[in-house]
Amino acid sequence: MEEQQSPFQAALKPGLTIGLVSVAITYLAYFINSSLLASGWFGLVALVVFFALIIYFGKQYRTEIGGFMSFGTAFNFSFITIIISGLVSLIGQILLFHVVDPALPGVLADETLKTTLEMMENFGANPDDLPAEQLDEIRENTQNNFTILGQIKNFGFGLIIYAIISLIVAAIIKKRDKSLDY
């Protein structure tokens, strides 16, 4: 009889794969146009690819274990996969922001500030009414998100979002064996 992998063991390879795909997409966007990294569209496309891959690997794992998977097993698989991919992505981003292009955080902070001011205008606020100190503070806070400590902190906060995503994915990939119902 073949021994089945636990969700933790099964999540390792998909987590590494998704993490590497995430790093590849990030670097591709960087090489095309670094301002894409501050774009909402880039984040949306990355999220769709991320969801599609995690669901694909989850269904693949479900097939490997006999075609049925409880919600708890599905959640464990998806959460561990997402954490592993997040760690790989974090390492890739740290390398990008601190080795490949240390000036990139400043560029992205400026782009984010510009996008924020445009959004304020779209909602009817006048960004010219903001004091220069407040604009500098917004830019500095944004730039702090790209420091190593800021990225690690964001990963920690991201664990909450990862858990929510895992709950959604688990609800999609779980499958109950109805033959066991009486």
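Tyr 56 is partly exposed, because its relative accessibility is 48% (buried means under 20% relative accessible area, exposed over 50%, partly exposed in between; 1.4 Å probe, protein chains only). The model is predicted: local features need pLDDT of at least 70, side-chain atom pairs count only at pLDDT 80 or more, and totals for chains, interfaces and linings use all residues. Residues are numbered from 1 along each chain as its sequence is written, and side-chain values use heavy atoms, without hydrogens and water.

Seven aromatic pairs were found in a search of the whole structure. Tyr 56 and Phe 57 form an edge-to-face pair, because their ring centres are 5.3 Å apart and their planes stand at 65 degrees. Rings of Phe, Tyr and Trp (its six-membered ring) pair if their centres lie within 6.5 Å; planes under 30 degrees apart are stacked, over 60 edge-to-face, and the rest tilted. Phe 57 is buried, at 12% relative accessible area.

Phe 97 and Phe 146 are also edge-to-face, with 5.0 Å between centres and 75 degrees between planes. Phe 97 lies in helix α3 (residues 71-100) and Phe 146 in the loop between α5 (132-144) and α6 (148-173), so this pair ties together parts 49 residues apart in sequence. Helices (H or I, at least four residues) are DSSP runs, numbered from the N terminus. Phe 97 is buried at 6% relative accessibility. Phe 146 is buried too, at 16% relative accessible area.

Helix α4 (residues 104-122) has buried residues, including Leu 108 and Leu 113. These buried residues pack against α1 (7-32), α3 and α5 (contact means heavy atoms within 4.5 Å). Gly 124 follows α4 and has a positive phi, near 95 degrees.

Technical notes: Helix = DSSP H or I, 4+ residues; strand = E, 2+ residues; numbered from the N terminus.
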